[in-house]
Amino acid sequence: MKRTFHPSIILIAFLITACNGNGTVAPIAEPAVNETVPTTVIAEGTLLPERTAELAFPQGGVVKEILVQSGEQVVEGDVIARLVGIESVQAELAAAKLEQTLAQQALDSIHRNALLTSSQSEHALLTAQKVYESEANGWNLGKRDEATDLELSIEDYVIAEADYRDALQKLDEVLYLNEDDRDRRDAQEDFDAEKESLAEAYADLKTVLAENEKSLDEEIAALLGAISNLESARELQARIGDSNLDSEILATAEARLEAVNAHVAAAEAAIEYYELRAPFSGSLINTDLTLGETALPMTPVAFIADTSHW
């Protein structure tokens with residue numbers, strides 16, 4: 001007789017055979033996994049110098065010199081090429097720098113000789129004062145109603161000058177006092193008033209003298225010359241003041257130096273129109289320059305790169 005088996009009996013038999021000796025189920029093997037990790041990354045990129053620049057002349061012109069060739073190294077400020085016409089600008093710059101040196105030397109001399117200038121001005125004032133006093137002591141107006149306008153103006157000046165010196169002497173005697181001291185303030189006010197009166201008398205004298213049509217006798221001519229020298233010496237002394245420097249001469253020297261400095265700066269700026277310079281240190285990668293050919297304004301003619309950093 002043929003035997004048949006129920007499917008559940010077959011499944012039980014399979015599970016029993018899959019167990020180990022102590023009745024536990026044997027582990028089922030898992031499929032192997034490939035754990036190899038890639039160590040190489042493939043990518044694309046562009047390597048460029050950190051600093052690059054295209055160079056062009058500010059103005060057009062014929063190429064006169066080429067001092068650096070493609071592939072050569074340059075230092076910041078190096079001249080790469082020059083245009084025709086730079087000679088005249090270079091000559092102007094040289095002349096301006098010479099004038100600059102002379103102007104600076106003149107200004108330095110003024111400061112260096114400050115004490116000498118002060119002593120010379122003081123000596124000139126004392127000498128002019130003595131000459132004037134000698135001439136003024138011999139002055140005699142005579143009858144006032146018969147005097148000319150010029151003689152009357154001289155008389156007014158002589159009186160004002162005497163009052164001025166008297167007020168100056170009184171002020172000198174109290175200068176040791178504090179500025180807020182009453183005696184010193186009064187002396188200063190008196191001196192300032194007499195100084196103004198003297199200035200007015202001198203101005204009137206010059207006006208009358210300019211309008212005078214008569215010839216001057218020897219006495220008046222000598223006195224007028226002494227007055228002129230005295231006022232010039234006083235004016236110089238006032239300009240020098242405490243700084244021991246003649247303010248007018250100093251201002252002129254400073255203005256001269258300032259003007260020359262501006263001239264030098266303008267000439268240096270003009271040269272930049274004729275020169276092609278390296279803006280930084282690096283390599284001249286390529287150039288489009290040929291001697292004798294015309295370079296167009298603001299058109300790139302060279303390429304520079306700093307190849308020390310990428």
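I count Ala, Val, Leu, Ile, Met, Phe, Trp, Tyr, Cys and Pro as nonpolar, Asp, Glu, Lys and Arg as charged, and the others, Gly among them, as polar. This is a predicted model: local features need pLDDT of at least 70, side-chain atom pairs count only at pLDDT 80 or more, and totals for chains, interfaces and linings use all residues. Residues are numbered from 1 along each chain as its sequence is written, and side-chain values use heavy atoms, leaving out hydrogens and water.

**Pocket.** I looked up the lining of the largest pocket and found 11 nonpolar, 3 polar and 8 charged residues. L125, Y164, L168, F191 and R234 lie nearest the pocket's centre. (A pocket is an open set of points on a 1 Å grid over the protein atoms alone, where a 1.4 Å probe fits, with protein on both sides within 12 Å along at least five of seven lines; lining residues have an atom within 4 Å of a point.) α5 (182-211) gives the most to this lining, with 6 residues. (Helices are DSSP runs of H or I, at least four residues, and strands are runs of E, at least two, numbered from the N terminus.)

**Helix pair.** I checked α3 (residues 114-137) against α6 (residues 218-240): their axes come within 8 Å and cross at roughly 155°. That makes α3 roughly antiparallel to α6, a term for angles over 145 degrees. (Axes are lines fitted to C-alpha atoms over the stretch in contact, and angles run from 0 to 180 degrees between N-to-C directions.)

**Loop residue.** I found Y274 in the loop between α7 (247-271) and β5 (275-277). Y274 and G60 are 214 residues apart in sequence, yet 8.6 Å apart in space, C-alpha to C-alpha.

Definitions and conventions
Angles under 35 degrees count as roughly parallel, over 145 as roughly antiparallel, 65 to 115 as roughly perpendicular and the rest as oblique.
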